[in-house]
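Good morning, colleagues. I would ask you to keep the sequence and the coordinates in view while I speak.

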Amino acid sequence: MEQANELKIKQKLLQTFNKYTGNNIPYSDFEISQATTIVKNFIDNLNCMTIFENGNSRKLNELEIFSLIYEFVANRVYVEQDTSHDIIGTLITNMGVCQGYCQLMSFLCEQFNIPFLYKHSETFDEYENPLGSHANFEVIIHDKNGYLHCLHCDPTIDAPKDKDDMLGFNAFLIQDSNINNYYHKQIPSGTDISSFYYNFLSPDNFDKSIKLLNQVNVIEQMTTGKTEEEIIAEHYEKLRYNLINLNAFLGMDIDFKNLSQFQLLDAYKSAYQYYKNISRPINPDEIKEAIINAKAASFILDYNINPDQAFINSQQIFELRLKKSLDQQKECWENIDEFSIISSEIKGTSTQTMK
């Protein structure tokens, strides 16, 4: 990717804001330009970074690029305020919440052609009391051998909680089911057919969404005055719309606009089967290597230090962040060995799928 054009970046930034937040932009031209400069500089720097290995230099691979994108997004203090809910506010204040993180991540993944799925779910505590809505995401990443991995990330969990805190790695490129073991119990409800495509990657929610397609809530029927057939038809129209959006993520080459209800359901099941084939763990040592390599490349670019020293510095940063992650896991996860990204063995790893 060549150096980012500032005008194009600004236009795409506003498009992302409008897509997720609406057309009413509560920011001045100066603030929008400020956000544009921040993200443009990051993209330009990322394109300039170099990895040094065995006396040779190379560009960053996809996993290394994504590790720096994740750091850029998630390394913003988690603060609940008006500006932290959208991409522009998250950029100019260096603060965010789940929505702001996901909007920014969506924007950057688009710039680097990394398939991205914005997920929205309702969350509950351990007693099944509602905690409110939550946003997180899935990405499809190639490993060093070219194999695809569809994995979950949640910057809200890893983000610093104040200016003295640091980024962690508890929710970086893990399987979707693992996130439900975190102490917040962030479990998708699976009861809203309008947003189920965000959640269908969970087997339980996939089964629920299939059942919900042909179910009619009595209250919904009473309040809308529509027949069962009309309500079910609306469910399938929502399915059609969500499959069109999902197409960009999974790369399905299907024209969903003219499919019948039966064909839509068949396409939905096919998409889920494909997802299961690529939803595989990734080697944690490769994740660690990518994080350290990418951080070293950023040190070289930012501080003009030699590769050996940059590598040492990046290892030190990694160990500090890993310690935070492990400390949090001791408090929050049910089984630290199973969920650590640096565990020596990933349980249940099965055959990988190459696209």
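Leu173 is found in the loop between α6 (155–158) and α7 (196–199). Helices and strands here are DSSP runs, H or I of at least four residues for helices and E of at least two for strands, numbered from the N terminus. Phi of Leu173 is near 55°, a positive value in a residue other than glycine. Most residues other than glycine have a negative phi. At 5% relative accessibility, Leu173 counts as buried; buried means under 20% relative accessible area, exposed means over 50%, and partly exposed lies in between, with a 1.4 Å probe and protein chains only.

Before I continue, a word on the source: this is a predicted model, in which local features need pLDDT of at least 70 and side-chain atom pairs count only at pLDDT 80 or more, while totals for chains, interfaces and linings use all residues. Residues are numbered from 1 along each chain as its sequence is written, and side-chain values use heavy atoms, with hydrogens and water left out.

A positive phi also occurs at Asn94, where the value is near 60°. Asn94 sits in the loop between α4 (87–93) and β4 (95–96). With a relative accessibility of 38%, Asn94 counts as partly exposed.

I turn now to helix packing. The axes of helix α3 (residues 62–74) and helix α12 (residues 284–303) come within 8 Å and cross at roughly 70°. Axes are lines fitted to C-alpha atoms, for helices over the stretch in contact, and angles run from 0 to 180 degrees between N-to-C directions. The two helices, α3 and α12, are therefore roughly perpendicular to each other; angles under 35 degrees count as roughly parallel, over 145 as roughly antiparallel, 65 to 115 as roughly perpendicular and the rest as oblique. From α3, Leu63, Glu64, Ser67, Leu68 and Glu71 take part, and among their partners in α12 are Ile287, Ile291 and Ala294. Contact means heavy atoms within 4.5 Å. The residues of this contact divide into six nonpolar, three polar and four charged. In this classification Ala, Val, Leu, Ile, Met, Phe, Trp, Tyr, Cys and Pro count as nonpolar, Asp, Glu, Lys and Arg as charged, and the others, Gly among them, as polar.

Which residues does Leu68 contact, leaving aside its neighbours within four places in sequence? They are Phe42, Leu46, Met49, Leu60, Ala294, Lys295 and Ser298. Leu68 is buried, with a relative accessible area of 6%. Leu68 and Ile291 lie 223 residues apart in sequence, and 7.5 Å apart in space from C-alpha to C-alpha.

A second pair is α1 (residues 6–21) with α5 (residues 98–111), whose axes come within 10 Å and cross at roughly 135°. That angle makes α1 oblique to α5. Ile9, Lys12, Leu13, Thr16, Tyr20 and Thr21 of α1 make the contact with Gln103, Ser106, Phe107 and Gln111 of α5. These residues divide into four nonpolar, five polar and one charged.

Finally, the cysteines. How many disulfides does a search of the whole structure find? It finds zero, a disulfide being a pair of cysteine sulfur atoms within 2.5 Å. For Cys102, the nearest cysteine sulfur is that of Cys98, 6.5 Å away. Cys102 is buried, with a relative accessible area of 0%. The sulfur of Cys153 is 8.4 Å from the closest cysteine sulfur, in Cys109, which is too far for a bond. Cys153 also counts as buried, at 0% relative accessibility.
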